[in-house]
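Here are some friendly notes to read alongside the model. Take a look at the structure first, then work through the points.

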Amino acid sequence: PPRACEDYLSEFRHCKSFRNRFHHYYTYGTAPSCQQWKADYHNCSEWERHKLTEAKDALQKSERRRLEEQKNFTPVWKLRQAPPGDWHRPLDQETQQDS
Amino acid sequence: MGQTKQDEEYGYDLFPERNARNPKQITIRDGLFTFRNKCQGMLRFAMETSPYAKLLLSAMKNSGCKVFKDRHFSCEDCDGTVSGGFDAASSQIVLCQNNIHQQAHMNRVVTHELIHAFDHCRAHVDWFNNFRHLACSEIRAANLSGDCSFSNEFSRFNFGLKEHHQQCVRGRAVRSILAVRKVSREEAQKIVDEVFDSCFNDHAPFGRIPHGNKDAKFAYREYMNRDRYYANL
């Protein structure tokens, strides 16, 4: 499975905790929906223990949907193909005081 | 003359030690119990223990921008109440040793500035000429670093609950822009409003808005397991 099954359980418990519900309301003005983590934990266990294909498909579908949701915005900038060339350029003598 | 004007236009006057014309003389005394030492100690602790920082450092390494403490961080004295900055021209994060006195604050500033560095590393961010890019990175940094957590806002006497986080992010983004660029408040507000929806929802590399260390630890765990994750989709 994409994650260890215990990870789904811990995410579910964390999602339902008071602290998280409080912060979710503070950020979005709504209550978080945690059921999906529970369903994923169930499917993960079924996949691991009994190798059920429906469980596997359901879990993969759920994770793919999660990834989609994270991309739900139009970027303001263009992504780079390579890191900036001057990231590792040594500093000038004037700006570097020690050594 | 031209140099000073450019300094002010890009906020460099807040960081006087970056001025190449008057390099500060280091004395023996500076080697002992100084703000600089405290700053460097807190920085190291943040890099080693804060899940926010560890995740960002890991993500930057994977993007080809491995961060070296001595090259990419600089503890300096700064003007006013500013806590830090990211200098794209020299690829350095500036930490204001005279304004950061607590570890929690250092953790937050390091996270905030690393988000700018991360954006610089993974995207063509035009820091100097494109205000939308600047606003976007500031929105992301305020959103994801814990700047706008309930407890931080509360301690600033900004009491608010429902969706207050978003209000805080907008406000801090505007303030950050005003601190380093010469624009009017209305203009800064307008730019922030334009890019807010896009940038508020860009949670890279966390994958979520980390509301505290526990969230950040979960995000870090997720990030470290991403190879297995993508292999099993």
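The points below look at a few helices in turn.

1. Before you start: this is a predicted model, in which local features need pLDDT of at least 70 and side-chain atom pairs count only at pLDDT 80 or more, while totals for chains, interfaces and linings use all residues. Residues are numbered from 1 along each chain as its sequence is written, chains are lettered from A and ligands numbered from 1 in the order in which they are written, and side-chain values use heavy atoms, leaving out hydrogens and water.

2. Find helix H3 of chain A, residues 35–50. Helices here are DSSP runs of H or I with at least four residues, numbered from the N terminus. H3(A) reaches 22 Å from its first C-alpha to its last, close to the 22 Å expected at 1.5 Å a residue (the expected span is 1.5 Å times one less than the number of residues).

3. Which residues of H3(A) are buried? They are A:Trp37, A:Asp40, A:Asn43, A:Cys44, A:Ser45, A:Glu46 and A:Trp47, where buried means under 20% relative accessible area with a 1.4 Å probe, counting protein chains only. These buried residues pack against helix H1 (5–16) and helix H4 (53–70) of chain A, with contact meaning heavy atoms within 4.5 Å.

4. Now move to helix H8 of chain B, residues 164–180. Its buried residues include B:His164, B:Cys168 and B:Ile177. Among the elements covering the buried residues of H8(B) are helix H2 (18–28) of chain A and helix H9 (185–200) of chain B.

5. The end C-alpha atoms of H8(B) are 25 Å apart, which agrees with the 24 Å that its 17 residues should span.

Conventions:
Helices (H or I, at least four residues) and strands (E, at least two) are DSSP runs, numbered from the N terminus. Buried means under 20% relative accessible area, exposed over 50%, partly exposed in between (1.4 Å probe, protein chains only).
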